[in-house]
Each structure stands twice: as structure tokens, then as C-alpha cells.
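Biologist: I have the sequence and the structure open side by side. Could you walk me through what there is to see?

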Amino acid sequence: MKKIQLFLLFAGLGLLFACGNESSNTGAFTRFSTSPLNFGTENFVQQESNCLPQTACLQVNLQYPVAQAGKIGVRNAINEYIQQKYIHSLASEQQIVNDSIHDLHFAAKAFLHDFQQQRQQQPNQMHRWEKYSTARVLHQTEKYVSLELPIATRKSPSMVHTETQLISFDTTSGFPIH
């Protein structure tokens, strides 16, 4: 009888500790505390003043996911990766891609400056320029998140250059998975 009681006691304790890594309100048995990685949406819009629909002007319209909850290091790594993708896309138009550009507003202003210079040089041949993106979270699990980062550039009425990157991140580290 005593052996059965000891067996039930150890089996119960084993079951308790085996289930201990499940989330609970007290967190007494959790091995590590993580909050889920949640995403919101950021809209970045910049255009020339007086930019009418049929005029030769520049418009940048980027909509992309922003990690808002979860470990701060993971959030920052994923958000930085996404920002750098858009910064390099804007900066590469001017052939000034380098590590000194860390601000999306600065990259958009450089893109605008390039457009204005070309418009001054060829006023009759300029068309509306657009850089736009609607990025989104494709799939998310506890360990991984996959994003779609499309970027489209229009520099003439008949030609749109589109590049889409599919990227997955490890949600425990924030590093891209290659």
C-alpha cells in the first residue's frame, strides 16, 4: 500500500513538473517568461507639396508590420531589419547606399531630391514617381514569424519594378532565418 502511495505521489509530482512549462498566472513553473510577439502596422507617407494625381511629382507610401509586443531585443531586431530594407530601397535609387543612412525620413528626402534634380534636367520627360509597399505577416508561430516585404517603384506610366522579399525570423532571437 505504501509503495502505491509513493508511486502515485511521484507520478503526480512528475506530471506537475512536466506541465510546469505551460503558461500560468503565477509563473511558478515556467522556465522562461516571454510574451507573444504581436505586430501592428506602420504607415509612412511622404510626398511633394501640391502633389496632384496627374502631375509629375513624387510619392512614397509604405505600409509595413511593426513588432509591438514581446521581448524588446527581438522586437528591435525585427523592426530594424524591416526599416533597413526600406531605407536601402530608397537610397539605392540615388546610388548612395551606405551604412551612414539610418533614418527612413532622410532616405525619403534623398529620394525626393533626386527626383527634383531629374525633373529640372528633363522637365518634359518626367512622370509621377512612386515608391510603395504593403508588407504583411504571412505566418506566425511561437518560434518563427514570416513576413512578405514587397517594394514597388514606378518611374513611368507603363513600367513598375517590383521586388518582394519573403523573410522569416526566429522569435526567440529576432535573427533572420537563412
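Modeller: Please keep in mind that this is a predicted model. From the N terminus on, the elements of the protein chain run α-β-β-α-α-β-β-β-β-β, which comes to three helices and seven strands.

Biologist: How much of the chain is buried?

Modeller: Buried residues make up 34% of the 178 residues in the protein chain. The accessible surface comes to about 11700 Å², and carbon and sulfur atoms account for 54% of that surface.

Biologist: Changing topic, which residues touch the most other members in the largest nonpolar core?

Modeller: That core has 29 residues, and Tyr64, Ile78, Tyr86 and Leu104 are the ones that touch the most other members. At least two residues of the core come from each of strand 2 (58–69), helix 2 (72–92), helix 3 (104–121), strand 5 (144–156) and strand 6 (159–170). As background, nonpolar side chains tend to be buried together in soluble globular proteins.

Biologist: What does Tyr86 touch, leaving out residues up to four places away in sequence?

Modeller: With those left out, Tyr86 touches Leu62, Gln63, Tyr64, Leu104, Ser133, Ala135, Leu149, Pro150 and Ile151.

Biologist: OK, salt bridges now. How many does the structure hold?

Modeller: The structure holds three salt bridges. In one of them Lys85 pairs with Glu163, where the closest N and O atoms are 2.7 Å apart; Lys85 is in helix 2 and Glu163 in strand 6, so that this pair links distant parts of the chain, 78 residues apart.

Biologist: Is Lys85 buried or exposed?

Modeller: Lys85 counts as buried because its relative accessibility is 18%, and the cut-off for buried is under 20%.

Biologist: What about Glu130 and Arg154?

Modeller: Their side chains meet in a salt bridge at 3.2 Å, N to O. Glu130 lies in strand 3 and Arg154 in strand 5, so the pair ties together parts that are 24 residues apart in sequence. Glu130 is buried at 19% relative accessible area, whereas Arg154 counts as partly exposed at 22%.

Biologist: And which residue forms a salt bridge with Arg136?

Modeller: Arg136 forms a salt bridge with Glu148, and the closest N and O atoms are 2.7 Å apart. Arg136 belongs to strand 4, residues 136–140, and Glu148 to strand 5, so this pair ties together parts 12 residues apart in sequence. Arg136 is partly exposed, with a relative accessible area of 46%, while Glu148 counts as buried at 18%.

Definitions and conventions: Residues numbered from 1 in each chain as written. Predicted model: local features only at pLDDT ≥ 70, side-chain atom pairs only at ≥ 80, totals over all residues. Heavy atoms only, no water. Core = buried A, V, L, I, M, F, W, Y, C linked by side-chain atoms within 4.5 Å. Buried < 20%, exposed > 50% of the residue type's maximum accessible area, 1.4 Å probe, protein only. Helix = DSSP H or I, 4+ residues; strand = E, 2+ residues; numbered from the N terminus. Contact = heavy atoms within 4.5 Å. Areas by Shrake-Rupley, 256 points an atom, 1.4 Å probe, with all protein chains shown as cover. Salt bridge = Lys/Arg side-chain N within 4 Å of Asp/Glu carboxyl O.
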